[in-house]
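Hi everyone, thanks for coming. Let me put it up on the screen.

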Protein chains: 4
Amino acid sequence: MANGNSFGVLFCVTTYGESHGGAVGVVVDGCPPRLPLSEADIQAELDRRRPGQSPITTPRQEADRCQILSGVFQGFTLGTPIHILVRNQDARPQDYQEMATTFRPSHADATYQAKYGIRNWQGGGRASARETIGRVAAGAIAKKILRLAAGVEILAYVQRVKDVEAQVDPSSVTAEQVEANIVRCPDPQAAAAMIQKIEEAAREGDSLGGVVECVARRVPRGLGSPVFDKLEADLAKAVMSLPASKGFEIGSGFAGTYLTGKQHNDEFYMTPGGWRTRSNRSGGIQGGISNGEDIVLRVAFKPTATIRQPQNTVTLNGQETVLAARGRHDPCVLPRAVPMVEAMVALVLCDHLLRHHAQCGSLVLSEVPLPVAAAPQA
Amino acid sequence: MANGNSFGVLFCVTTYGESHGGAVGVVVDGCPPRLPLSEADIQAELDRRRPGQSPITTPRQEADRCQILSGVFQGFTLGTPIHILVRNQDARPQDYQEMATTFRPSHADATYQAKYGIRNWQGGGRASARETIGRVAAGAIAKKILRLAAGVEILAYVQRVKDVEAQVDPSSVTAEQVEANIVRCPDPQAAAAMIQKIEEAAREGDSLGGVVECVARRVPRGLGSPVFDKLEADLAKAVMSLPASKGFEIGSGFAGTYLTGKQHNDEFYMTPGGWRTRSNRSGGIQGGISNGEDIVLRVAFKPTATIRQPQNTVTLNGQETVLAARGRHDPCVLPRAVPMVEAMVALVLCDHLLRHHAQCGSLVLSEVPLPVAAAPQA
Amino acid sequence: MANGNSFGVLFCVTTYGESHGGAVGVVVDGCPPRLPLSEADIQAELDRRRPGQSPITTPRQEADRCQILSGVFQGFTLGTPIHILVRNQDARPQDYQEMATTFRPSHADATYQAKYGIRNWQGGGRASARETIGRVAAGAIAKKILRLAAGVEILAYVQRVKDVEAQVDPSSVTAEQVEANIVRCPDPQAAAAMIQKIEEAAREGDSLGGVVECVARRVPRGLGSPVFDKLEADLAKAVMSLPASKGFEIGSGFAGTYLTGKQHNDEFYMTPGGWRTRSNRSGGIQGGISNGEDIVLRVAFKPTATIRQPQNTVTLNGQETVLAARGRHDPCVLPRAVPMVEAMVALVLCDHLLRHHAQCGSLVLSEVPLPVAAAPQA
Amino acid sequence: MANGNSFGVLFCVTTYGESHGGAVGVVVDGCPPRLPLSEADIQAELDRRRPGQSPITTPRQEADRCQILSGVFQGFTLGTPIHILVRNQDARPQDYQEMATTFRPSHADATYQAKYGIRNWQGGGRASARETIGRVAAGAIAKKILRLAAGVEILAYVQRVKDVEAQVDPSSVTAEQVEANIVRCPDPQAAAAMIQKIEEAAREGDSLGGVVECVARRVPRGLGSPVFDKLEADLAKAVMSLPASKGFEIGSGFAGTYLTGKQHNDEFYMTPGGWRTRSNRSGGIQGGISNGEDIVLRVAFKPTATIRQPQNTVTLNGQETVLAARGRHDPCVLPRAVPMVEAMVALVLCDHLLRHHAQCGSLVLSEVPLPVAAAPQA
């Protein structure tokens with residue numbers, strides 16, 4: 001549990017696999033029993049993640065067909081570990097031979113070599129984005145639990161590519177709008193401009209970054225485990241563990257630091273259904289615990305490190321050299337990062353749903369009516 | 001381990017305590033034995049964190065004297081849990097009576113009540129910044145280990161208050177420069193402007209936020225545990241678990257997303273001591289693993305939620321009301337957040353130092369000379 | 001979490017403290033909120049554990065008064081960490097001076113020195129039975145939760161001292177019978193013989209061991225997390241982590257291995273309240289999961305290692321020498337081990353109650369009526 | 001990590017899989033990099049575990065061929081998760097149709113149904129001994145690390161079947177002696193009697209239990225993490241998580257409780273290589289930490305629950321009925337339990353080797369010579 005390949009406490013996923021070699025996959029432990037689950041549930045999300053979907057992603061063709069090898073029986077989960085496996089294929093190791101000895105700038109080659117004294121240099125090895133297949137597969141299960149148990153909906157989209165910024169209202173954006181174009185930006189005008197920019201970068205052998213925004217709606221109040229496992233802290237870790245991520249914001253984020261407290265605070269008011277906040281600069285989380293408003297977060301993704309233009313670098317043996325990547329790479333990871341961000345957010349929320357349920361759920365701890373413990377004395 | 005009050009795998013800290021009531025403190029488990037350690041080592045950091053240091057922090061006077069109650073013998077650590085306790089004092093619960101029934105906007109009152117059905121409404125209860133005493137105490141130990149084992153130096157400072165931005169070079173800033181003024185900003189001109197802004201906000205019963213930047217120098221290569229416990233992911237979680245934090249950046253952060261891959265990548269070159277990178281937009285981490293360059297990160301802190309100006313809110317019983325906080329609060333948390341950020345960064349680095357040592361350290365696994373496993377076959 | 005001083009996943013306790021030095025205690029994390037809890041609840045169990053209770057335990061007088069320093073407000077738990085502290089007192093370090101350089105046979109002196117390169121040689125240091133104060137305190141909370149939530153009753157007693165064996169029916173023995181004599185054996189005749197044997201050993205400067213049996217009644221069906229955290233596996237670890245324990249049995253234990261399958265199996269039959277088993281050689285657990293029958297287990301405790309008779313041993317500096325322990329020691333740990341065993345069993349059951357509740361509890365995962373998933377197809 | 005399918009902290013294994021369905025397997029996380037590893041290393045241990053080896057085990061023919069799907073590159077471990085998969089085959093689900101509705105006495109059918117509300121009733125589902133394939137595969141890696149890093153040798157053998165007891169000296173027994181006969185008992189005379197008894201029970205449709213003893217030699221001093229993760233506590237949990245285990249002993253075990261302290265204590269003496277103990281009733285562990293002597297433990301295994309003789313039981317729908325198992329079962333699990341016990345012991349020792357290395361290893365924490373911290377003051 002201490003080696004960085006597992007995530008979550010009660011809804012716990014362990015991914016394995018390098019980009020080349022036998023397979024990648026995930027073991028999902030802690031899934032409640034009797035959940036209807038099929039390979040189709042998972043494949044739908046994997047298809048959003050896989051390469052080769054459109055002209056602006058890598059042309060690599062990876063079918064990424066998943067198999068459920070345990071934990072499901074006659075269409076329902078057993079409560080035992082669910083193993084989902086995806087075989088590696090379409091390997092063209094000759095594309096990577098140069099990487100055996102040459103470190104790609106801003107990639108994981110040099111640091112893996114420094115840490116482990118060995119690395120699988122074919123493709124990205126363990127640092128490849130293929131590893132996220134396991135996350136997205138597990139996220140599909142988490143999403144289903146969240147939807148069935150609490151009606152939670154999680155939706156991410158490309159909010160910015162380089163300097164092309166979309167206008168999106170997180171409270172009303174729909175999945176259809178997101179999937180309406182290949183860049184997964186629900187603002188059609190911005191989407192068109194983004195696509196153009198990405199194609200341009202691709203032609204130049206360069207790459208682009210940007211921002212993915214994600215909203216989670218109808219998250220029950222009470223999720224999050226202060227103090228270290230505040231909901232925003234676990235969300236931050238979740239998305240900052242995705243390849244190429246460089247920044248995280250919840251609610252008002254960095255922009256909120258330009259406001260005063262009076263301007264920033266979310267005032268409460270009453271509704272027939274209980275208290276709400278008039279604004280949502282908190283991003284749906286206060287004191288590390290969800291407050292029932294939309295959870296809104298943003299993730300910065302750097303431009304793809306692998307580019308066709310020549311760059312100065314060094315070799316395993318300490319020689320300076322110049323590298324121009326061949327292989328087939330995404331000129332912009334943002335469109336494919338959308339399902340990854342959704343998956344990581346779903347894993348966090350599902351884990352905290354179970355954790356909240358365990359500690360604060362329906363266990364009755366007194367035969368006599370519970371006293372109003374928190375009532376003030378005065 | 002699954003309840004949000006522990007942090008770290010091998011260097012594992014567990015904090016406890018509400019702002020009012022007996023005490024706050026921390027149990028540090030996993031500290032290597034035979035480390036020289038005294039209460040003075042810890043008190044020095046606690047004194048940087050405590051209230052009442054200067055006119056721009058809360059006037060509450062809390063001495064925050066620490067006691068080491070276990071784990072140290074004759075001046076050296078035993079390898080057993082180190083318990084550090086700080087008694088609560090200077091409580092003025094009458095300042096908080098109103099909070100028993102009234103939720104402070106953008107504070108944790110409402111969500112704690114929703115989650116637990118009970119809360120200690122005196123001060124911030126568990127959500128109080130007093131909880132960070134345990135973190136800072138543990139961080140002092142982590143810093144000492146990092147310094148003795150690897151020469152690591154961790155330094156945070158206020159980089160921006162509202163729109164007053166400092167010019168600081170992370171690679172050369174010194175602790176003396178940071179501590180030279182009460183706002184802990186190493187740019188004297190900006191510091192003066194920040195102090196003025198904070199005093200102004202305090203007079204108006206308002207509050208300010210801003211950005212803390214942190215640099216860790218001489219971090220050994222190889223720290224970080226891909227894939228979920230990437231070093232930047234654990235750093236993000238660490239600082240996003242601090243009260244009032246709203247955003248996190250590593251290296252180029254959000255600004256980096258405006259560059260192309262060619263502009264953003266950190267090219268390698270050779271030095272007599274091995275490879276280095278010419279730029280450091282990666283912020284000292286590539287592929288989730290430290291690369292030996294300075295680790296540079298930034299944390300956004302929102303303006304303090306507790307303000308003296310009246311705000312609309314609701315009560316425990318569902319009545320709308322108006323609240324104007326009394327009590328004594330920080331008009332800007334940034335100066336006191338500096339040692340907290342340092343502590344959290346130290347906890348992450350120390351934990352990963354031990355983790356790296358465990359998996360990739362000096363265990364010899366072969367009687368015969370290790371083959372050059374990673375060498376390419378061609 | 002990886003350093004051996006924490007126990008439990010959801011109901012997680014962390015103990016700290018050496019026998020001499022500031023204090024011993026425990027942080028209990030994960031306790032459900034709104035549980036009525038006072039120091040008196042905990043003190044009652046600590047009083048059963050403390051030395052000086054009777055002529056057959058150590059004459060050391062340790063009041064062991066507990067303080068709750070966090071996690072409880074106005075008589076109810078907050079859901080935040082509960083810290084319980086017991087100050088050390090009655091230290092007579094001069095009794096232990098010799099232990100600074102001389103290893104007591106079959107004690108932890110030599111191995112702590114080998115592992116850590118340092119040890120607190122006053123009393124037993126961290127290896128002292130004083131450490132179990134934290135376990136017993138936490139166990140008192142676990143017992144209360146188990147009783148209120150599910151009516152569970154946990155009862156341990158001395159089943160054998162050396163070769164004096166008691167006749168006890170686990171299904172009907174009462175707490176009053178156990179506490180009716182100072183050796184905590186509910187068979188009065190055997191108790192008298194045990195007391196005589198212990199007094200005899202004490203006079204001779206020798207010590208005795210024996211067996212503690214423990215029954216847990218009304219444990220709900222379904223507790224236990226196959227495959228590694230089978231209920232009997234976690235119970236085994238729990239009691240084998242107590243000082244001086246050398247063996248563990250569940251249900252039929254070692255004796256059951258002399259039966260054939262036909263003789264050993266527990267046949268099922270129906271009652272108005274559901275299925276039951278006619279015999280209980282399984283000890284209340286089948287396939288790692290509680291089956292609703294009484295959980296019955298036994299723990300072997302070796303004779304106390306510290307004896308007044310002279311023994312051959314060695315010093316820190318590698319000299320052979322002879323040691324005759326002074327100090328004040330239990331001639332037989334069994335009577336005081338009874339509350340310790342109860343506490344450890346309670347910790348395991350409480351943790352698994354919450355874990356079961358989290359995964360298999362009342363989360364509704366489908367709007368449509370749940371299909372009869374497990375029904376056979378044929 | 002909290003769902004019972006993972007084991008170990010730093011050398012952490014997660015098993016998955018039901019007896020029927022796609023596959024069983026294991027993900028090993030935390031393996032040091034650059035360890036030479038091949039499928040042959042693992043297959044050798046799996047072959048000792050698999051059914052159909054001899055007339056006294058089940059006649060089911062399961063080839064149990066393993067595949068390494070990740071974590072190994074060009075014959076060496078990468079430091080990333082190692083996934084080992086074994087496809088299920090030879091399924092004869094018709095043998096199990098009756099189990100869909102009928103609970104086998106003393107098996108896991110009823111409790112799985114009670115806990116999860118669903119179960120895979122084909123074979124034993126998750127409770128099948130097939131699950132131990134993952135453990136044995138992971139244990140093969142742990143054994144190799146222990147051997148290469150420290151020369152540790154782990155050897156288990158059948159010590160007793162029902163009332164046929166072998167005479168074996170744990171300090172000198174060899175692997176060749178154990179593997180010399182099909183019952184894996186190194187005492188040839190006892191082995192012959194055991195085989196005869198097992199064949200007799202098989203003919204009668206009955207089953208037998210017994211005791212497996214295990215010795216670990218050349219375990220370095222210092223392994224074990226007091227207080228909860230004492231080495232014997234983790235060993236107890238490890239083997240008590242194996243199917244059919246009912247009891248555990250370390251060193252003198254239950255028999256030791258018949259001795260006095262004077263008789264039981266292991267006196268120290270000096271050798272040129274440092275201190276040793278003259279006797280080994282401690283079983284190689286004192287105070288929860290290995291002391292360098294042989295670690296010796298015993299595990300009680302009950303007679304196999306599945307027997308051909310008719311037994312009273314109940315159905316899923318609450319009807320009383322009579323069941324006579326068909327299918328093909330082991331009349332005695334002991335011979336196949338031998339590699340399982342070795343594997344679990346190896347997992348514990350390997351994890352604690354890494355844990356000890358992490359906390360107490362070669363990190364240098366002071367530039368100045370370390371003071372002699374533990375030296376007595378007097």
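Before we look at anything, one term: I'll call a residue buried if 20 or more other C-beta atoms lie within 10 Å of its own. Please also keep in mind that this is a predicted model.

Let's begin in chain C, with strand β8, residues 153-161. How much of β8(C) is buried? Eight of its nine residues are, so the strand is largely enclosed by the rest of the structure.

Now for its partners. β8(C) pairs with strand β10 of chain C, residues 210-217, in the antiparallel sense, over eight bridges. To find your place there, look for C:Val161, which stands opposite C:Gly210 in β10(C). β8(C) is also joined to strand β9 of chain C, residues 164-165, by two bridges, and that pair runs antiparallel. Here C:Arg160 faces you as a landmark, standing opposite C:Glu165 in β9(C). β8(C) and β9(C) make a hairpin with two residues between them. In that turn, C:Lys162 has a positive phi of about 45°.

Now over to chain A, and helix α1, residues 39-49. Which residues of α1(A) are buried? They are A:Ile42, A:Glu45, A:Leu46, A:Arg48 and A:Arg49. Looking down the helix axis, these buried residues fall within an arc of 155°, so they line one face of α1(A). What do they pack against? In chain A, that's β4 (66-70), β7 (82-87), α3 (132-150) and α8 (334-360). On the face turned away from the buried side, you'll find A:Ala40 and A:Ala44, which are exposed.

That's my tour, and I'm happy to take questions!

Definitions and conventions. Residues are numbered from 1 along each chain as its sequence is written. Chains are lettered from A and ligands numbered from 1 in the order in which they are written. This is a predicted model: local features need pLDDT of at least 70, side-chain atom pairs count only at pLDDT 80 or more; totals for chains, interfaces and linings use all residues. A residue is buried if 20 or more other C-beta atoms lie within 10 Å of its own, exposed if 12 or fewer, and partly exposed in between; C-beta atoms are placed from the backbone. Helices (H or I, at least four residues) and strands (E, at least two) are DSSP runs, numbered from the N terminus. Two strands pair if DSSP finds at least two bridges between them. The arc is that of the directions from the helix axis to the C-beta atoms. Two residues are in contact if their C-beta atoms, placed from the backbone, lie within 7 Å.
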